[in-house]
Amino acid sequence: MVEFTLLEDDVYFHDYIADFIPLFILSILLEFVINVIFKKKKNYHSLGDSLSSMGTGLSTIVLERIVPYTILSSIEFVGAVYIYKHYRFFDVSESSILAWIICLLAVDFVYYWFHRFAHEINFMWATHVTHHSSDKYNLTTALRQSIFQMYFSWVLFLPIGFFIPPGIYVFHKQFNTINQFWIHTQLIGKLAWPIEFIMNTPSHHRVHHGRNPKYLDKNYAGTFIIWDRIFGTFQEEDTENEDQRVFYGLVHQFESNDPTWSQLHHWFEIYQKQKQYSSIKEKLQSIFYGPGWKKGDTNRMGDLSTIPIPTEKDEQQRIKPSLSATLNIYLFVHYFLSSFLALSLRSLFEDKIGSANVTCSFVFVYMGLTSFGAIFDRKWYALLLEHFRLWSFIIYTLYLESINPIISQQFHIISSLRYIYFFSSIFLILKQLSPLSILSNYLKSSKKLLNNKLD
């Protein structure tokens with residue numbers, strides 16, 4: 001059981017999201033199997049995209065280990081809980097059914113407005129764009145989250161602390177996140193009319209992830225779609241006309257699988273846009289207007305008529321060439337090994353091996369995510385980075401066992417992983433890595449760099 005504490009009190013709150021991680025993984029596997037067996041959707045998954053999405057989700061856990069716990073992990077809850085403790089309007093029982101219902105609606109109402117701001121204000125879009133950066137739409141997309149979003153969203157939830165007890169608020173804040181996992185799928189069609197009218201469903205959320213001009217900036221709901229119906233941002237999914245089907249991803253394709261760049265790229269784009277404008281007014285507009293706004297636009301969201309209408313040809317051009325089958329298997333196995341080890345150590349063995357070593361395991365995970373992304377992106381340095389990751393693990397664990405022999409006695413899996421990593425390094429040398437291939441990839445990358453064609 002995973003728990004976390006807030007503020008200086010010895011009051012613990014249950015981490016329901018951590019509890020649901022195994023269910024998320026099983027659901028992702030089940031969705032994959034169903035799609036393969038029934039052949040419902042073509043190009044529904046790609047290994048690079050799926051690992052990138054899941055890796056982006058793991059990034060938040062990695063940073064939770066590196067950044068002080070209360071600064072990162074609890075920031076979504078601390079403000080509202082502190083307000084209730086010191087400034088609440090009145091006492092409310094945590095067993096009050098009315099308080100639970102009010103909190104369910106209040107959290108979702110605030111989420112709607114944060115989500116809308118995150119699409120309509122450029123600097124806030126930078127905290128959310130990561131979630132929309134995939135051209136695929138499946139359950140792995142739900143895990144593609146921004147590490148910056150919580151730093152901006154928590155402020156909007158502060159008023160809830162004036163009238164909702166901490167236990168109720170912490171539960172519903174997590175429930176709002178957990179509930180949005182299942183709607184990231186194309187395998188569930190439209191549901192019964194009353195559900196579609198009141199609740200956020202896969203159909204409504206597919207619209208939200210669409211890059212068709214018709215679907216942009218619609219359906220911001222978390223749990224209840226009624227907010228979009230009330231505030232004029234609702235759009236029905238058109239399932240009758242093939243030319244109106246949803247095309248997913250960003251208007252301008254994000255082509256990188258690098259977990260760091262996926263988090264930072266829009267901040268860089270804002271910086272680049274800032275350099276184009278000389279007046280303070282235009283610089284502020286480029287920050288506080290919509291992400292599509294540019295100088296001369298009369299609409300704060302930009303000129304929507306210039307947004308290209310996606311086509312099947314455009315969709316095919318976005319599909320990246322796949323790696324070899326053996327390399328795909330290698331990447332899948334190593335992603336599973338590194339993430340499973342880190343999550344297991346965090347949940348089950350932290351008290352035995354120490355917090356610092358668990359943190360190091362997540363550093364290795366992030367090294368892996370970066371290395372895997374470079375391989376999928378065919379960067380010239382990708383395999384060199386992967387060798388560095390493998391040998392870093394081997395050397396570090398040997399050093400760790402030399403100063404603490406108990407680790408080798410109690411955790412035989414670490415010794416097994418060392419052998420796997422050693423033979424993986426040999427495999428890469430024999431199959432992929434040679435001086436000529438490094439030189440060839442380096443020259444290709446340098447040529448692209450000179451032609452300003454890098455991502």
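Helices here are DSSP runs of H or I with at least four residues, strands are E runs of at least two, and both are numbered from the N terminus. With that in hand, Asp217 sits in the loop between helix H10 (202-208) and H11. The model is a predicted one, in which local features need pLDDT of at least 70 and side-chain atom pairs count only at pLDDT 80 or more, while totals for chains, interfaces and linings use all residues. Residues are numbered from 1 along each chain as its sequence is written, and side-chain values use heavy atoms, with hydrogens and water left out.

On confidence, the chain has a mean pLDDT of 86, with 87% of its residues at 70 or more; pLDDT is the predictor's confidence in each residue, from 0 to 100. The lowest confidence falls in helix H3 (residues 69-72), with a mean of 50, and the highest in helix H11 (residues 226-231), at 98. Where pLDDT is low, the predicted coordinates should not be read in detail.

Back to the backbone around Asp217: its phi is positive, about 55 degrees, although it is not a glycine. Asp217 is partly exposed, at a relative accessible area of 24% (buried is under 20%, exposed over 50% and partly exposed in between, with a 1.4 Å probe and protein chains only). Arg378, in the loop between H16 and H17, also has a positive phi, near 60 degrees, and counts as partly exposed at 43% relative accessibility. Most residues other than glycine have a negative phi.

Helix H8 (residues 166-179) runs for 14 residues and spans 20 Å from its first C-alpha to its last, close to the 20 Å expected at 1.5 Å a residue; the expected span is 1.5 Å times one less than the number of residues. Most of H8 is covered, with 11 of its 14 residues buried, including Tyr169, His172, Lys173 and Asn176.

Turning to charge pairs, the structure holds 15 salt bridges, each a side-chain nitrogen of Lys or Arg within 4 Å of a carboxyl oxygen of Asp or Glu. One of them joins Asp135 to Arg318, with the closest N and O atoms 2.8 Å apart. This pair ties together distant parts of the chain, 183 residues apart: Asp135 is in the loop between helix H6 (122-125) and helix H7 (149-153), and Arg318 is in helix H14 (residues 312-318). Both ends are buried, Asp135 at 14% and Arg318 at 9%.

Within helix H17 (residues 382-403), Arg389 and Glu386 lie 3 residues apart, about one turn of the helix, and they form a salt bridge with the closest N and O atoms at 2.8 Å. Arg389 is buried at 2% relative accessible area, and Glu386 is buried at 0%. Elsewhere, salt bridges with shared partners join Asp135, Arg211, Asp314, Glu315 and Arg318 into one network.
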